[in-house]
Each structure stands twice: as structure tokens, then as C-alpha cells.
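Have the structure open as you read.

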Amino acid sequence: MSINRNFPALKNERLLKAARGEKPDKLPIWIMRQAGRYLPEFQEYRKQHSFFEICQNPEYACEVTLMPLRRFDLDAAIIFSDILVIPQALGMEVEMRPGVGPVLPEPLTLQHVEKLKAEGAVKKLEYVGHAINLTRHKLEGKVPLIGFTGAPWTLMAYMIEGGGSKTYSKAKKWLYASKEESHKLLGLLTDVIVDYLVMQIEYGAQIVQVFDSNAEYLNKYLYSEFCLPYLKRISSEVREKLKAKSLEEVPMILFAKGGWYCLEEQADLGYEVLGVDWTIEPSYVKKILNNKNITIQGNLDPTALYASNSDLKMFVEKMLEEFEGQRYIVNLGHGIYPDAPIDSVKTFVDAVHNFKA
Ligand SMILES: Cc1c2[nH]c(c1CCC(=O)O)Cc1[nH]c(c(CCC(=O)O)c1C)Cc1[nH]c(c(CCC(=O)O)c1C)Cc1[nH]c(c(C)c1CCC(=O)O)C2
């Protein structure tokens, strides 16, 4: 399969404008995990295909990516995939167990770090590029397509724990007791992530998000030592490599969930957009980021979608009012839950687009 870079013209520029700090006609909205289990048509699809079969087949991944756009007036599509395709490409087994989530049956041990090889990993992930290229064409310029990756620490944490964890204490133990191996692993993941993002952009991703979902388990010391330098490397090396390949730069989003303790430091990493979760007040965000050229993305509590339609509308409007004056992209403060009511998603999206901009 080759890359077709003869893309259709983009008709909805709200997201890219907001990311670059230009004023869009209306506030852009997309929803983390918008292509997922809360959609009955996705559930149906999952009865026919395994999770990674959908990820690896560009036609299937494209179909699932487009599902939420047929229902809601969203301002972006996000390619259907998972952050754990990187550990998979590094040779680790990853299972998606229904009702449990991701399981890595043979978690990474200190002895194994030496054996991990970055070479060839991105080549194995080229199916994501093919899915992106196909979807970018199938979108016909309706909305921009978002590519994504997990951040080094978040991937490291899943690889060591072998799945989700309440404390991530095994992975955090490395940060205190095995610093050298930790840096080696984080450096290797960073190398892969940089080339993976460049590949996604080459195939047609118009903006990319780095998910640091496990930032919330760290603190300012750990984040400064084990995350910030690698996140900085990602933003600068992706831009350098795009330049070297004569590809246009795209805006980059960093979402460090629960990373309020170093929001100010995040603003200096070279990302155009910072995602924030619902535990942070818009007024605090504005105070910390005062005068920095940064767009904020977030931060409605995903469980607010269970509220009555009138309460939900009120919560959304309150959030938009509080973020007024701030460069802003509307989203939830984390991924949408599988039992979120579909009607509420429509209420959320419509409330954003009906808001006096
Ligand atoms: C931590 C993380 C993962 N994956 C992801 C993150 C970062 C975002 C976050 O913090 O929520 C990112 C992700 N995962 C998925 C997407 C697809 C694009 C989209 O946002 O619509 C994206 C962007 C599909 C998925 N990834 C997963 C599903 C459901 C699995 C299934 O269909 O069986 C989907 C649609 C599985 C998954 N994958 C992962 C977990 C913890 C789980 C289980 C919990 C859950 O289901 O939400 C790892």
C-alpha cells in the first residue's frame, strides 16, 4: 500500500484554528474515546471482530473512526487504535479482555529492558498509517483527523504492571529504585514514539495527541525527572524530522491526566495544546497559563453525561463561560465511559455549538 497525499480540502478548520491560536467561528468539540463502546454500532462491530483485528485492518479502523461522526456534529475524527500497539510492536503480548481491559500476560522485568529493540517497531505499526491514509480520504475534508500515541511514562507503566493498576506502585518502584533502567526504557519508548508520530503525520494525521493518562500517579519531582525531558524531546524531534522530510508541521496536544501539579512546566514543552481533566478549575488554568501561547482542551467530567439534559446543558455552559478569553478546545476531562447515554453526547455537542462564541 502506498501513501496517497493528494488529500481533499479541509472544510472544518475549527480545531486546527483553535490549536494554532486563531479564532474559529464556533468552539471546536471532539470527545476522547468518541469511537468506542458507548456506540451500539461499535458493540455490534466488536461481535464480529476482535479489538486488534479492527486496529490492524485499515477498512475496519476507518469504519469505526467514522461512526461517531455520523451521529454527532463533532469537529474532529480520531483514528481508531490504542496506545498499547507500541508495546505490542516491541514484541510484548497484549490482550484486550472484555470487562477487564488490557492485559500484558508477561510484564516487563528489569532484565528484559536490554532485550527490547526499537528498530523495526514503527515499520510494524505501518498499518496505523494505512488506516489514517484511508480515513483521511474517506472523511472528504469534513473534519480534521487526529493521530495519537501513549506518552513514554504511561506506556512504561502498562508494560511493567501488565495492565491497569490502582497505584502503579510496581512501575513507580522502578523510578525510585532502578533509575538507570527507567531512563533507558523511557528513552527507547521516546525514540519509537517520535518516529511513530512522524509516520502518522506522513500518512495524513492533521494534529496529534500524546496521552499521558498515568501522569496522575506521579508528582512534580517524578514528572520533572522522568516525563518532562522525554515529552520535550517528542515535540522537538517530531518537528525536526518533519522538516527534514519536507512535511508541514502539525499542532501537537499533550494530555497529562491528573498532571495539574506541573501545568506550568507542561506549557514550556513545545505543544500547542494542553489537555486538562475535570479536577482543575478554569480560573486556575487561566492564572497559571496567563500570557502563554497555549490552547487548553477539556475538561467536562465524563460522569456529567449522566445528569439530566437541562443540568448537563448548565454544566457545559458554565464551563464555556469560565474558559472564555482562553484559547480553547472543548472535550471531556477523560475518555467517555461505555455506558454514557447517547442523547447526552448530542446535548453536549449541541450546547457547545449553540454557545454564543
Ligand atoms: C490508557 C489508554 C488506553 N488506550 C487509550 C488510552 C489513553 C486514553 C485514556 O486514558 O483513556 C487510547 C485509546 N483507546 C482507544 C482509542 C480510540 C480512538 C477514540 O478515542 O475514539 C484511544 C484514543 C480505543 C479503545 N481502547 C479500548 C477500547 C475498548 C475495548 C473493546 O472494545 O473491547 C477501545 C474502544 C481498550 C482499552 N485500552 C486501554 C484501556 C485502559 C482500555 C480498557 C478500558 C476501556 O475500554 O476504555 C489503554
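1. Let's begin with Y203, which is buried because 24 other C-beta atoms lie within 10 Å. (Buried takes 20 or more other C-beta atoms within 10 Å of the residue's own, exposed 12 or fewer, with partly exposed in between and C-beta atoms placed from the backbone.) Y203 belongs to helix α10, residues 179-203. Helices here are DSSP runs of H or I with at least four residues, strands are runs of E with at least two, and both are numbered from the N terminus.

2. What does Y203 touch, leaving aside neighbours within four places in sequence? The contacts are I3, G129, I132 and N133, where contact means C-beta atoms, placed from the backbone, within 7 Å. Y203 and N133 are 70 residues apart along the chain, yet their C-alpha atoms are separated by 5.1 Å.

3. Before going on, bear in mind that this is a predicted model: local features need pLDDT of at least 70, side-chain atom pairs count only at pLDDT 80 or more, and totals for chains, interfaces and linings use all residues. Residues are numbered from 1 along each chain as its sequence is written.

4. I29 sits in the loop between α1 (14-20) and α2 (40-48). Is this residue buried or exposed? I29 is buried, as it has 27 C-beta neighbours inside 10 Å. Not counting residues up to four places away in sequence, I29 touches L74, D75, V330, N331, V349 and V352. By contrast, the C-alpha atoms of I29 and V100, 71 residues apart along the chain, are separated by 29 Å.

5. Now look at α15, residues 309-323. This helix has 15 residues and spans 21 Å from first C-alpha to last, close to the 21 Å expected at 1.5 Å a residue (the expected span is 1.5 Å times one less than the number of residues). L312, V316, M319 and F323 are buried in α15. Seen down the axis, the buried residues of α15 fall within an arc of 60 degrees, so they line one face of the helix; the arc is that of the directions from the helix axis to the C-beta atoms. An α-helix has 3.6 residues a turn, so residues three or four places apart point the same way.

6. What do the buried residues of α15 pack against? Their partners are α14 (282-289), β8 (295-300), β9 (328-332) and α16 (342-354). On the other side of α15, S310, D311, K318 and E321 are exposed. After α15 comes G325, with a positive phi near 95 degrees.

Notes:
Two residues are in contact if their C-beta atoms, placed from the backbone, lie within 7 Å.
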